[in-house]
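Colleague: I would like to go through some helix packing and a few backbone features. Please give the general idea before each case.

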Amino acid sequence: EQFGGNRVGTIRLEPDGWFFTSPFITDANKIYDFKFKPTDIVIMTFPKCGTTWTQEIVWTMVYNPNLDNPKRFLPGIARCPFMECDFLMKNLSKPLFGEGSFLHDAFVQANPDRNPDDGIFIQLAELTENPRMIKTHLPFSLLSPSLAENSKIIYVVRDPKDIAVSYCHHSRLLKCHNFFGTTSDFVDHFVNDTLVYSPFWKHVKEAWKLRNKPNVHFIFYEDLKADPRSEILRLQKFLDLNLTDSQISNIIHYTSFDVMKEREEKNMVGSEMELAELSNLEVQQKDGGFFRKGISGDYKNKLSSEDIEKINKWTKEEYSRNGN
Ligand code: A3P
């Protein structure tokens with residue numbers, strides 16, 4: 001079946017309706033049992049909301065304010081481990097980060113006493129230096145309560161119409177998603193909550209409920225795009241940092257779309273060659289790579305008026321439900 005999921009098949013987790021790849025189910029408890037520390041900084045998002053961008057901004061603010069940390073050349077998902085990544089990918093015939101991949105082999109070399117089959121990313125998340133920076137697309141209810149209790153959580157969200165465009169592109173671009181449908185098919189999956197990490201609105205609402213906690217920080221992609229300096233200043237307050245104006249200016253430039261695209265696209269998984277192997281080159285040439293466009297409102301160019309209406313209607317219904 002073609003859908004915005006993963007070719008290993010997806011499954012709905014009841015009673016809440018979370019939609020996942022089947023290997024995730026086997027290991028969901030392992031992820032749930034991951035204990036967060038008060039010093040952890042967790043970037044939590046529904047896919048395609050600006051995770052990679054936020055990770056790079058936050059990692060740079062904390063670890064690389066002078067842009068000279070030698071670790072800056074490591075893939076972002078290793079510096080800020082994507083904690084559930086192994087379990088999403090596990091049953092692929094050619095696992096994304098299996099033996100022979102840069103990340104797998106670097107992990108084995110650096111941690112000879114660890115078994116990569118227990119998951120590279122969850123172990124990287126465990127082992128990474130303090131303050132640990134961790135990426136997840138999982139919602140609060142599938143993660144340990146220790147997270148909401150006291151870790152620093154940065155939740156990024158974006159206009160769902162732009163998410164639909166970006167997630168659809170991502171699902172066509174990365175071969176493992178095996179999605180060959182139309183944009184309209186994809187929008188149907190989005191509003192019917194049959195994408196990996198759906199239901200979108202449940203994901204957002206769980207975080208929104210916690211927005212007033214002092215350890216929860218919300219970012220809207222659109223705000224970050226319109227005024228990165230203000231958002232970085234807000235982040236600096238949240239993270240209790242003390243960067244100079246010139247450091248902030250340098251970080252804004254270093255994490256701007258064109259500069260990041262140039263630097264990170266080839267660096268994302270360890271090598272340009274590996275990325276090319278994972279990507280559908282036809283899609284890449286036609287519509288761009290992982291760093292597709294990086295703007296707000298591109299849905300106006302990409303979605304039909306029917307699809308826009310479908311998402312708007314879904315949004316309105318979700319807003320009126322339970323008074324949220
Ligand atoms: P588009 O497909 O709309 O271009 P995620 O990291 O959560 O998967 O999100 C990916 C989206 O963020 C993509 O959106 C990508 O281009 C955009 N993005 C990545 N880096 C960015 C940056 N530095 N500035 C603006 N947008 C960025």
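Modeller: Helices (H or I, at least four residues) and strands (E, at least two) are DSSP runs, numbered from the N terminus. Asp 240, for instance, is found in the loop between α12 and α13. This is a predicted model: local features need pLDDT of at least 70, side-chain atom pairs count only at pLDDT 80 or more, and totals for chains, interfaces and linings use all residues. Residue numbers start from 1 along each chain as its sequence is written.

Colleague: What is the phi of Asp 240, and is Asp 240 buried or exposed?

Modeller: Most residues other than glycine have a negative phi. Asp 240 has a positive phi, near 60°. A residue is buried if 20 or more other C-beta atoms, placed from the backbone, lie within 10 Å of its own C-beta, exposed if 12 or fewer, and partly exposed in between. Asp 240 is exposed, because 7 other C-beta atoms lie within 10 Å. Asp 193, in the loop between α9 and α10, also has a positive phi, near 65°. Asp 193 has 18 C-beta neighbours inside 10 Å and so counts as partly exposed.

Colleague: At what angle do α12 and helix α13 pack?

Modeller: Two packed helices are described by the angle between their axes and the distance between the axes. Axes are lines fitted to C-alpha atoms, for helices over the stretch in contact, and angles run from 0 to 180 degrees between N-to-C directions. For α12 and α13 (residues 245-254) the angle is about 120°, and the axes are 10 Å apart. The pair is therefore oblique; angles under 35 degrees count as roughly parallel, over 145 as roughly antiparallel, 65 to 115 as roughly perpendicular and the rest as oblique. Pro 228, Arg 229 and Ile 232 of α12 meet Ile 248, Ile 251 and Ile 252 of α13, contact being C-beta atoms, placed from the backbone, within 7 Å.

Colleague: Which residues make the contact between α2 and α12?

Modeller: Helix α2 (residues 51-63) packs on α12 (residues 228-239) at about 55°, with axes 11 Å apart. The contact is made by Ile 57, Val 58, Met 61 and Val 62 of α2 and Ile 232, Leu 235, Gln 236 and Leu 239 of α12.

Notes
Contact = placed C-beta atoms within 7 Å.
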